[in-house]
Structure formats: structure tokens, C-alpha cells
Amino acid sequence: MGQIVGAAIASHHPGLMQCEDFRKMMGAGRDSDLIAGYARLRERIVAARPDVVMIFDSHWFTTGYHLVDGAARYQGWYVSDEMPWYLHGVDYDYAGCPELALAIDAVGVERQVPVRAICNPGLGRQYATLNQIKQMRLDLLGVKVVSVSSCQNCRWPHFLQSGAVIGEGIRRSGLRVMLLASGALSHRFNEIDWVPQHPRLYHESNVSRPEHIESDKGAIELFRQGRHDLVIERWDDEYRKLPWEAFGAHYLQMVGAMGGADCRAKGTPLSDYENARGTGNIHIWFDVA
């Protein structure tokens, strides 16, 4: 039987792909702690010994289906259409895992849930996947990487349902899989002419609204306690309204694969809570044993 051997929420914000000197300048002389956090997260991944890292990509938006990429290999040269002036020239070459994608597809068909595998090696990549691969050198770990989309015409129960299909597909696959929800918590950008409240741009006081900071920290505390049931219970009234990045698709699918509201995996923050253009970012590891 396959198993989930670890899980995490991890920031992928594009500023982390800037050179170190620039990042330190933006941090008033000190780098983002998310960079050091990647090293801490990589250590946890290595210790978990996964065959596959599954990335819930909050930038891969699809319509009508939850998609799982299923090609054997992805190779290319990435240029961001969002911010091509610095996020460009990113070469990638990493192994996918068709057997896992197809196992998940089969469960989707069986349960009549619109989760499908797409096995085209020319499928475009998003930086929510590539930044994780590059920052943690996943392509050098000998693990395969599979990305999952964020279907944009869904409500939160649909993401939990998709996650449950993925969890069952993992169990049937015989593979050891680590789940990585790639994205922010609250995701409201500051306006283009915004003036920072703190000279260190990463400082939490630069998150777009004080109530977002309070809500994000409340969610982080619930993660520490393993109370995913309370996060889900509060979804419509709180987290959907902020909103979280991709309406929380990355987190909800991850936790859906781990049992949804029954999941009690406790979270350990592996970085500071930081701002990125108004959004709330952090790396959190969840022990699943």
C-alpha cells in the first residue's frame, strides 16, 4: 500500500527567486527567512524518503476538472508572463510519475469525481511548482515530482473531495508520497503605489490588512494544534473571504488527501511569517505519522 509520508504548506512567492543581494536589500540588510526555511523543509523531505513529491500548484488554474500532470518527464525554459523582467530563463528538467497520476485518475472515474491525469509532456509549467523544485533542489534528490491543479470553478468541498480521491490513489499506487501545498495563506495584494509600513519589506506589518495578519496567525495556531477540522469549519466565514491564495485549493486538497476534517496532523512552522506584496507567507511542516 502506498502512503503519505509528510506534508507541508510552503510559500513560492517570486521575490524568493531574486538574487541574494536584492533579497537582502528588500529585507533591510537581512534575507527572507523563507530562504533558510527551504533548507529546513528540504531536510524534512529527505528524512521522509518519498518516492514522489506532489505539489498542489496554486498558479495552475483549470476549469471543469481537477488535473494531475502525468508525463514521465518535464523539460523546458520558463519565462513568467506575470513578471518576466526578473523571473525568466529558468531551465527545468525533472521526472514525473505517470503511474501515480493514472492511479488517481482511476479513482476519480470510479467515484465519479472530475479528477483526471494529463500526460502531455509539453504541458506548461507554473512557478508555484518550479520555484519549489529550484529552491529545494528536488530535481537532485532522486524523487519524482507531480503537480496538481487548482480548479477555479469549485467551492471548498470540491477541493476536499478531490483530495480524498488523491489520497486513495496514493494508497493504491504503492508509492511513498510527500504532499506540498504551494502557496500563501491570505492573498490580498497591496496596491501598486502602496508605501511600506516597515523598512524590511518581509516584515509582517506590511501584510495588506491587520485583520489578515490576525487571521493568518490564528490559522497557524490551529495548524500547530492539528485542528484542521476548525480551519475547515471556519472556511466560508473567514478564510474564503480574505481570501487565501487560489481560494485555498492547495491547502484543502492536501488536507483532503490526509482525511479532511478528521486530519489531526500537527504543524511545525519552519520559517517566520512574512509579507510578500501584501500576502501572508510561511512554511509549515505537518507530521503525518
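**Notes on the helices, rings and backbone**

1. Arg137 counts as partly exposed, because its relative accessibility is 40% (buried means under 20% relative accessible area, exposed over 50% and partly exposed in between, with a 1.4 Å probe and protein chains only). Please read everything here as coming from a predicted model, where local features need pLDDT of at least 70, side-chain atom pairs count only at pLDDT 80 or more, and totals for chains, interfaces and linings use all residues. Residues are numbered from 1 along each chain as its sequence is written, and side-chain values use heavy atoms, with hydrogens and water left out.

2. Staying with Arg137, you will find this residue in the loop between helix H4 and strand S7 (144-151) (helices are DSSP runs of H or I with at least four residues, strands are runs of E with at least two, both numbered from the N terminus). Arg137 follows H4 and has a positive phi of about 50° although it is not a glycine. Most residues other than glycine have a negative phi, and most peptide bonds are trans.

3. Arg49 sits in the loop between H2 and strand S2 (52-62). With a relative accessible area of 54%, Arg49 is exposed.

4. For the cis bond, go to Leu242 and Pro243, which are joined by a cis peptide bond with omega about -10°. Pro243 belongs to the loop between helix H8 (235-239) and helix H9 (249-257).

5. Back to H4 (residues 127-136): nine of its 10 residues are buried, so the helix is largely enclosed by the rest of the structure. The buried residues of H4 are Tyr127, Ala128, Thr129, Leu130, Asn131, Gln132, Ile133, Gln135 and Met136.

6. One packing partner of H4 is helix H2 (residues 33-48), with the axes 9 Å apart and at an angle of about 80° (axes are lines fitted to C-alpha atoms, for helices over the stretch in contact, and angles run from 0 to 180 degrees between N-to-C directions). H2 and H4 are therefore roughly perpendicular to each other (angles under 35 degrees count as roughly parallel, over 145 as roughly antiparallel, 65 to 115 as roughly perpendicular and the rest as oblique). From H2, Ile35, Tyr38, Leu41, Arg42 and Ile45 meet Gln132, Gln135 and Met136 of H4 (contact means heavy atoms within 4.5 Å). Five residues of this H2 and H4 contact are nonpolar, two are polar and one is charged (Ala, Val, Leu, Ile, Met, Phe, Trp, Tyr, Cys and Pro count as nonpolar, Asp, Glu, Lys and Arg as charged, and the others, Gly among them, as polar).

7. Now compare H3 (residues 98-111) and H5 (residues 156-173), whose axes come within 8 Å and cross at roughly 125°. H3 and H5 are therefore oblique to each other. On the H3 side the contact is made by Leu100, Ala103, Ile104, Val107, Gly108, Glu110 and Arg111, and on the H5 side by Ala164, Val165, Ile166, Glu168, Gly169, Ile170, Arg172 and Ser173. The residues of this H3 and H5 contact divide into eight nonpolar, three polar and four charged.

8. The structure holds 11 aromatic pairs (rings of Phe, Tyr and Trp, the last by its six-membered ring, pair if their centres lie within 6.5 Å; planes under 30 degrees apart count as stacked, over 60 as edge-to-face and the rest as tilted). Trp85 and Tyr86 form an edge-to-face pair, because their ring planes are at 70°, with the centres 6.1 Å apart. Trp85 counts as exposed, at 61% relative accessibility.

9. Trp244 and Tyr251 also have their rings edge-to-face, because the planes are at 65°, with the centres 5.8 Å apart. Trp244 is buried, with a relative accessible area of 1%, and Tyr251 counts as buried at 0%. Ring pairs link Trp244 and Tyr251 with Phe223, Trp235, Tyr239 and Phe286 into a cluster.

10. His66 lies in strand S3 (residues 66-69) and counts as buried at 3% relative accessibility. Leaving out residues up to four places away in sequence, the residues that His66 touches include Cys151, Cys154, His158 and Gln253.

11. Last, Lys24 in helix H1 (residues 20-26) is partly exposed, with a relative accessible area of 31%. Lys24 is in contact with Gly29, Arg30 and Asp31, leaving aside its neighbours within four places in sequence. Lys24 and Arg200 are 176 residues apart in sequence and 9.1 Å apart in space, C-alpha to C-alpha.
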